[in-house]
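Open the model in your viewer and keep the selection panel at hand. The stops below say what to select and what is there.

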Amino acid sequence: MNSFNLRRNVVSTVISFGLNLVLVFVSYRLVIRHGGLEAVGLWATLRSWIFIIRLGDAGMANAVVRYAAACDPLSEPMRIRRYVDSGLAMNSALFLALSLAGWAIFTTYLSHILPKQPAAQAAALPLLPILFTSFFLENISGLVMGCLRSIHRGYVAAWISVAGTVTQLAVVVPLVPRVGLAGLAWGYFAQFALMLGVGWVLFLVYLRRGAGESGGALPINGSWSVLKEMFVYSVTSQVANLSNGIFEPLAKIMVGRLGGLEALGIFELAWRMVALPRNAIVSGVQAAVPATTRLIVSDLEATRALYRRSLRLTMTAGLGVLITVVIASPVVSWLWLERLDTRLVIFVAILATGFFVNMTGAPAFTIGVASGRLGPNIQSALISVALMMALASLGSLLGGVISITAGIAFALIFGGIYIRYRNERVLEE
């Protein structure tokens with residue numbers, strides 16, 4: 001187990017997300033001071049709609065992690081490079097096309113994305129080039145971070161993420177007071193540019209350190225046969241990831257449409273307060289995917305032990321962290337908004353309940369990824385999204401944004417229970 005660097009991978013990942021909490025607090029405080037809650041709502045709207053473009057992603061980042069993690073970095077460095085370079089070449093071409101197409105579509109149809117809001121449309125238009133360039137860098141850097149995790153250097157990826165977060169803070173703090181949301185957009189650009197460059201260099205360094213060769217600096221070792229080998233898994237896993245990942249942007253889009261940008265601004269603050277601590281814990285669980293991928297084909301009993309340990313830690317840490325978030329929410333409201341906003345406190349309590357139950361399904365989700373049995377993952381995500389949209393629409397008729405938030409939380413609860421029930425049966429088999 002030590003050869004997987006599991007403890008360092010998990011600890012460093014959690015530290016990385018902890019620093020992201022600081023980033024979100026500082027950046028949103030600056031945005032609120034400069035443009036108010038409507039600016040936060042506008043940012044959440046644009047980021048949520050841009051995520052929809054990822055529906056065109058073929059999922060090579062997921063495939064690269066799984067296939068490369070099944071190789072031995074000490075004896076199969078060039079096999080790892082073939083997987084990595086094939087995925088990197090495809091994703092670079094694909095996300096370049098998606099970014100350019102997205103920019104053109106958003107520019108043309110911005111009035112439909114932000115209907116009857118001319119001021120918001122005028123503020124959003126100059127942000128689009130920076131946001132779509134950052135979107136490209138974010139997705140390519142994400143694949144490079146996956147390359148490091150695939151050779152069991154997830155802790156290195158986490159520290160690079162820390163450096164990227166510090167870089168973003170260094171850009172955001174001076175720029176947001178001067179140029180508003182454009183400063184936040186440039187912060188994202190700087191973060192992902194640094195992560196991409198440093199991540200690729202360190203991937204090559206660690207591969208060479210372990211095996212004595214790394215295959216050269218440029219990603220030119222790919223092949224069509226390797227792409228074909230990874231393609232079926234990549235598409236299937238991407239359906240699972242997008243089905244799971246699209247929950248958040250669709251929830252925010254619905255809140256913005258049904259409640260307006262100011263209500264979405266409050267919802268975004270509450271979501272971030274709850275989701276980031278939750279993500280810190282879940283990312284610690286996901287850092288064990290490469291190790292689980294190796295173990296599940298060689299030592300099923302060790303895999304079961306790792307799952308039980310992950311579930312126990314997730315529930316213990318999740319309960320403690322989310323209770324702390326709920327208790328602290330009035331104080332955070334004062335720090336963010338300079339007043340006690342009861343909507344923020346209520347949203348945090350509702351979302352914390354949903355996320356706690358949902359996160360208990362995170363270890364089971366990783367079992368589906370590691371085993372390649374992604375059907376339950378996809379089913380859980382799609383059912384949760386459909387349930388969320390139905391309950392949020394119903395909530396808008398019954399009692400406004402609070403009822404919408406309750407519907408979103410109930411869908412999160414259902415998703416966590418369903419995935420745990422389905423994927424624990426995989427381990428029993």
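**A tour by selection**

Start with Asp85, which counts as buried because its relative accessibility is 0%. Keep in mind that this is a predicted model.

Arg81 and Asp85 form a salt bridge, and their closest N and O atoms are 2.8 Å apart. Arg81 is also at 0% relative accessibility, so this residue counts as buried. To see the setting, show helix α3, residues 77–113: both residues lie in this helix, four residues apart, which is about one turn of the helix. Side chains of opposite charge can pair when their charged atoms come close.

How many salt bridges does the structure hold? The count is 10, and the next stops visit others among them.

Select Glu338 and Arg29. Their side chains meet in a salt bridge, with 2.5 Å from N to O. This pair links distant parts of the chain, the two residues being 309 residues apart. Glu338 is in the loop between α12 (300–337) and α13 (342–359), while Arg29 belongs to helix α1 (residues 6–52). Arg29 has a relative accessible area of 11%, so Arg29 is buried; the cut-off for buried is under 20%.

Move on to Asp341 and Arg343. The side chains of these two residues meet in a salt bridge at 3.1 Å, N to O. Asp341 is buried, as its relative accessible area is 5%. Arg343, with 29%, is partly exposed.

Next, select Glu248, Lys252, Glu268 and Arg272 together. Here the salt bridges form a network that links the four residues.

Is Val235 buried, exposed or partly exposed? Val235 counts as partly exposed because its relative accessibility is 32%.

Notes:
Residues are numbered from 1 along each chain as its sequence is written. This is a predicted model: local features need pLDDT of at least 70, side-chain atom pairs count only at pLDDT 80 or more; totals for chains, interfaces and linings use all residues. Side-chain values use heavy atoms; hydrogens and water are left out. Buried means under 20% relative accessible area, exposed over 50%, partly exposed in between (1.4 Å probe, protein chains only).
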